[in-house]
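Work through the exercises below with the structure open. Try each task before reading its solution.

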Amino acid sequence: MTPRDDSESSGPRRSRWSDLERPPLNAAAVRRALVREGSLWREVDVVQRTGSTNSDLVARAAGGRLQEGVVLVAEEQTAARGRLDRQWVAPARSGLFFSVLLRPGDGVPMERWGWLPLLTGVAVATGLARAGGVDTALKWPNDVLVTVGGEERKAGGILAEAAGDGGVVVGVGVNVSLRADELPVPTAGSLALAGAVSTDRDPLLRAVLRGLEDWYGRWRAAGGDAGACGLQEAYAAGCATLGRVVRAELPGDRALVGEAVAVDGDGRLILATEAGVQEPVGAGDIVHLRAG
């Protein structure tokens, strides 16, 4: 995540982010690997530049005719959004920036849809470990963390949005090859800075999408029961928030401090407060205060 360079002169488009160490994705190879008979993924589109893959896919799904399993990948986003409409901008070809359309309505109660960003987080963490050889952790509900110089840094984020009738678009942004001088804030990180064995985005993208297909299939088959399909356990094992004292910044300018003790069956974070009660948090920003 770093400011975009808009100082482009007339004539051929030039960018200070042009970098031979950041080759483009091989769209044809990605499609061959993922779009096949019986696969969740029906269509994989790779565009060079767009504002936001989430916004684009939500707009395409608005009519309700777009099938589940469409994937939209961008080499560069100029108006990407995180939670609370925070901006996410990164150099071209420096990360994984993609959105997928899911339709969990058949057989999964809506109250369990809160698991979708958590499920995606497990898929992202698993895929990055397998293809990139890098350890990650998950911060509830939607951040992907890496360790750089002994410090916890945010390297990615996940954003789920309603799309049309019964659809959900889940967007993923992961900093892959950002260098230290490209980071916008000290708390940001990238796979490269975390010592990833590989920063080749093609296998990273394939691994993450295969992991997402696997976990989504298990979760749907279990009717959205995260405990029954093993998702709840897998998420808890990789969640850096659990066991820590945190501050939940809630809607309505409220805040709640407590120890994060569990993630419940609906994907909510359970905080044990000093008042001796356990409070479920379904939405809000979480600030890690100290280890439990």
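**Exercise 1. Overall make-up**

Task: State how many helices and strands the chain has, and what share of its residues count as buried.

Solution. The model is a predicted one. Begin with the elements: the chain has 5 helices and 14 strands. Turn to burial next. Of the 292 residues, 51% count as buried. Finish with the contacts. Among contacts with a separation of 6 or more, 66% join residues 24 or more positions apart.

**Exercise 2. Helices α1 and α4**

Task: Describe the crossing of α1 and α4 by angle and handedness, then list the residues that make the contact.

Solution. Locate the helices: α1 spans residues 27-34 and α4 spans residues 201-221. Their axes come within 10 Å and cross at roughly 30 degrees. Angles under 35 degrees count as roughly parallel. The two helices, α1 and α4, are therefore roughly parallel to each other. Their crossing is right-handed. On the α1 side the contact is made by Val30, Ala33 and Leu34. On the α4 side it is made by Asp202, Leu205, Arg206, Leu209 and Arg210. Sort the contact residues of α1 and α4 by class: 5 are nonpolar, none polar and 3 charged.

**Exercise 3. Helices α3 and α5**

Solution. From α3, the contact uses Trp115, Leu118, Leu119 and Val122. From α5, it uses Leu231, Gln232, Ala234 and Tyr235.

**Exercise 4. Aromatic pairs**

Task: How many aromatic pairs does the structure hold? Classify the Trp115 and Tyr235 rings, then those of Tyr216 and Trp219.

Solution. The structure holds 2 aromatic pairs. Take Trp115 and Tyr235: their ring centres are 6.2 Å apart and their planes stand at 90 degrees, so the pair is edge-to-face. Trp115 lies in α3 (residues 115-132) and Tyr235 in α5 (residues 231-238), so the pair ties together parts 120 residues apart in sequence. Both Trp115 and Tyr235 are buried.

Now take Tyr216 and Trp219. Their ring centres are 6.0 Å apart and their planes are at 35 degrees, so this pair is tilted. Tyr216 and Trp219 are 3 residues apart in α4, a separation of about one helical turn. Both Tyr216 and Trp219 are buried.

**Exercise 5. Thr53 and Phe97**

Task: Is Thr53 buried or exposed? Is Phe97 buried or exposed?

Solution. The cut-off for buried is under 20% relative accessible area. Thr53 has 2%, so Thr53 is buried. Leave aside neighbours within four places in sequence. Thr53 is then in contact with Leu72, Val73, Ala74, Gln77, Phe97, Phe98 and Ser99.

At 2% relative accessibility, Phe97 counts as buried. Last, check Leu205. Phe97 and Leu205 are 108 residues apart along the chain, and their C-alpha atoms are separated by 9.3 Å. Leu205 is also one of the α4 residues in the contact with α1.

Methods. Residues are numbered from 1 along each chain as its sequence is written. This is a predicted model: local features need pLDDT of at least 70, side-chain atom pairs count only at pLDDT 80 or more; totals for chains, interfaces and linings use all residues. Side-chain values use heavy atoms; hydrogens and water are left out. Axes are lines fitted to C-alpha atoms, for helices over the stretch in contact, and angles run from 0 to 180 degrees between N-to-C directions. Helices (H or I, at least four residues) and strands (E, at least two) are DSSP runs, numbered from the N terminus. Angles under 35 degrees count as roughly parallel, over 145 as roughly antiparallel, 65 to 115 as roughly perpendicular and the rest as oblique. A crossing is left-handed if the near helix is turned anticlockwise from the far one by less than a right angle, and right-handed if clockwise. Contact means heavy atoms within 4.5 Å. Ala, Val, Leu, Ile, Met, Phe, Trp, Tyr, Cys and Pro count as nonpolar, Asp, Glu, Lys and Arg as charged, and the others, Gly among them, as polar. Rings of Phe, Tyr and Trp (its six-membered ring) pair if their centres lie within 6.5 Å; planes under 30 degrees apart count as stacked, over 60 as edge-to-face and the rest as tilted. Buried means under 20% relative accessible area, exposed over 50%, partly exposed in between (1.4 Å probe, protein chains only).
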